[in-house]
Structures are given as C-alpha cells and as structure tokens.
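Here's a quick briefing to read with the structure open beside you.

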Amino acid sequence: MSEKPIEGRMTAAAEGDVVVFLIGMRINRFRALRSWLPVTSAMPRMLKELVKEEGSGLLGFQSVLAGPRTLAVVQYWESKEKLLAYASAQDKEHRPAWTAFNRRARGAKGAVGVWHETYAVPAGSYESIYVSMPGFGLGKATGVVPVGRRGERAADRLTAA
C-alpha cells in the first residue's frame, strides 16, 4: 500500500547545507549469486542501523531500481562529516560489509560492481517541488512546506538561502 499523496504544491523543508549520497550495485553476472547476494543484504542492515541511531546524520533515503541489474539508494545526510564518520566507524555495519565485499570481489572477478557518488550541496543551491505526491526524496527526508514559503518559481527557491 502506498502513502497518501500530499495535496498542493510543496517543497522540501530542508534548511542549510545538504549532502546527497548515491550508492548502488550492478549485477554483472546473475549466476554468481554468492558474489552479489551479500551486497544486496548489507545495505538494509546499514540503513536500519542508521535510522535507529539518533544523531547518525542520515536524514532519509529512497531505494531505486534502475533496471534489471542495478539497485541504488539515494541518501540525504546532515553533513559530509557525519557520512564520513559512519563510513569509517569500526563498530558499525559499514566497515565489515565493505571488508567482506572486497574479499569476495577479488575472487569473483567482476561478478558485481558497486559505486557511489557524494554531493555536498550548500544552502541555496538546491530546490524541489512535489505536486500531489506522497513523501519522496528530500521532501520525505526533511518534511515539506508549501511552495510559497520558499518561492513560487524554481529560480526563487534556488536563491533563497
């Protein structure tokens, strides 16, 4: 069951800088299940850990299926410092998952690929609009406000810091 759409023209309630982290995997060889299945199961554990931990820095996320071979997660973070702290924390899910992936990848010879991109977006350099949509993207992560509070046009919202 999907969420109920929020009526009207809304924009994300985000304030200040935002970090957008895109991460995903591509299955290069479907038959190499032992290579890619652990990768697909690691991300939900990490996201669950981050959501449960108050102050982790994760504002929200959206999972995306980008074709039959590619899975991705769009994450919104408070700061690059908190993202990097999580990525390097020895006592969190990420480090053992990354170590295990690297160990398996050496023997799997390209059966699965992983990628990520990080964008540190300063205040006033992002904008959004959601019309008759349930919570989605940055708006789902930070909540939404009526468009008029930030400007009726995209250009207005991009210059409002």
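Search the whole structure, which is a predicted model, and you get 1 aromatic pair. The partners are tryptophan 77 and tyrosine 86, with ring centres 6.4 Å apart; their planes sit at 35 degrees, so this pair goes down as tilted.

**The aromatic pair and its surroundings**

- Tryptophan 77 has a relative accessibility of 1%, so it counts as buried.
- Tyrosine 86 has a relative accessible area of 10%, and that makes it buried too, because the cut-off for buried is under 20%.
- Tryptophan 77 also turns up on the contact list of serine 56, along with Leu50 and Lys82, once neighbours within four places in sequence are left aside.

**Serine 56**

- You'll find serine 56 in the loop between helix H1 (33–52) and strand S3 (58–65).
- Is serine 56 buried or exposed? With a relative accessible area of 9%, serine 56 is buried.
- A polar atom of the serine 56 side chain lies 3.3 Å from the backbone nitrogen of leucine 58.

**Helix H3**

- Helix H3 covers residues 94–108, and at 1.5 Å a residue its 15 residues should span 21 Å; the C-alpha atoms at its ends are 20 Å apart, which agrees.
- Which residues of H3 are buried? They are His94, Ala97, Ala100, Phe101 and Ala108.
- Looking down the axis of H3, those buried residues fall within an arc of 130 degrees, so they line one face of the helix.
- As background, an α-helix has 3.6 residues a turn, so residues three or four places apart point the same way.
- Just after H3 comes lysine 109, which takes a positive phi of about 45 degrees.

**Salt bridges**

- How many salt bridges does the structure hold? There are 8, and the ones below are among them.
- Arginine 150 pairs with glutamate 15 in a salt bridge, the closest N and O atoms being 3.2 Å apart.
- Arginine 150 is in the loop between strand S7 (144–146) and helix H5 (154–159), while glutamate 15 is in the loop between strand S1 (6–12) and strand S2 (18–27), so this pair ties together parts 135 residues apart in sequence.
- Arginine 150 counts as partly exposed at 22% relative accessibility, whereas glutamate 15 is exposed, with a relative accessible area of 65%.
- Glutamate 53 and lysine 92 form another salt bridge, and here the closest N and O atoms are 2.8 Å apart.
- That pair links distant parts of the chain, 39 residues apart: glutamate 53 belongs to the loop between H1 and S3, and lysine 92 to the loop between H2 and H3.
- Glutamate 53 is partly exposed, at 32% relative accessibility.
- Arginine 157 and glutamate 127 meet through their side chains in a salt bridge of 2.7 Å, N to O.
- Arginine 157 is in helix H5 and glutamate 127 is in the loop between S5 and strand S6 (130–133), so to speak distant parts of the chain, 30 residues apart, linked by the pair.
- Arginine 157 counts as buried at 5% relative accessibility, whereas glutamate 127 counts as partly exposed at 30%.

Conventions
Residues are numbered from 1 along each chain as its sequence is written. This is a predicted model: local features need pLDDT of at least 70, side-chain atom pairs count only at pLDDT 80 or more; totals for chains, interfaces and linings use all residues. Side-chain values use heavy atoms; hydrogens and water are left out. Helices (H or I, at least four residues) and strands (E, at least two) are DSSP runs, numbered from the N terminus. Buried means under 20% relative accessible area, exposed over 50%, partly exposed in between (1.4 Å probe, protein chains only). A polar contact is a pair of N or O atoms within 3.5 Å; within protein, one must be able to donate a hydrogen and the other to accept it, and residues adjacent in sequence count only if both atoms are side-chain atoms. Contact means heavy atoms within 4.5 Å. The expected span of a helix is 1.5 Å times one less than its number of residues. The arc is that of the directions from the helix axis to the C-beta atoms. Rings of Phe, Tyr and Trp (its six-membered ring) pair if their centres lie within 6.5 Å; planes under 30 degrees apart count as stacked, over 60 as edge-to-face and the rest as tilted. A salt bridge is a side-chain nitrogen of Lys or Arg within 4 Å of a carboxyl oxygen of Asp or Glu.
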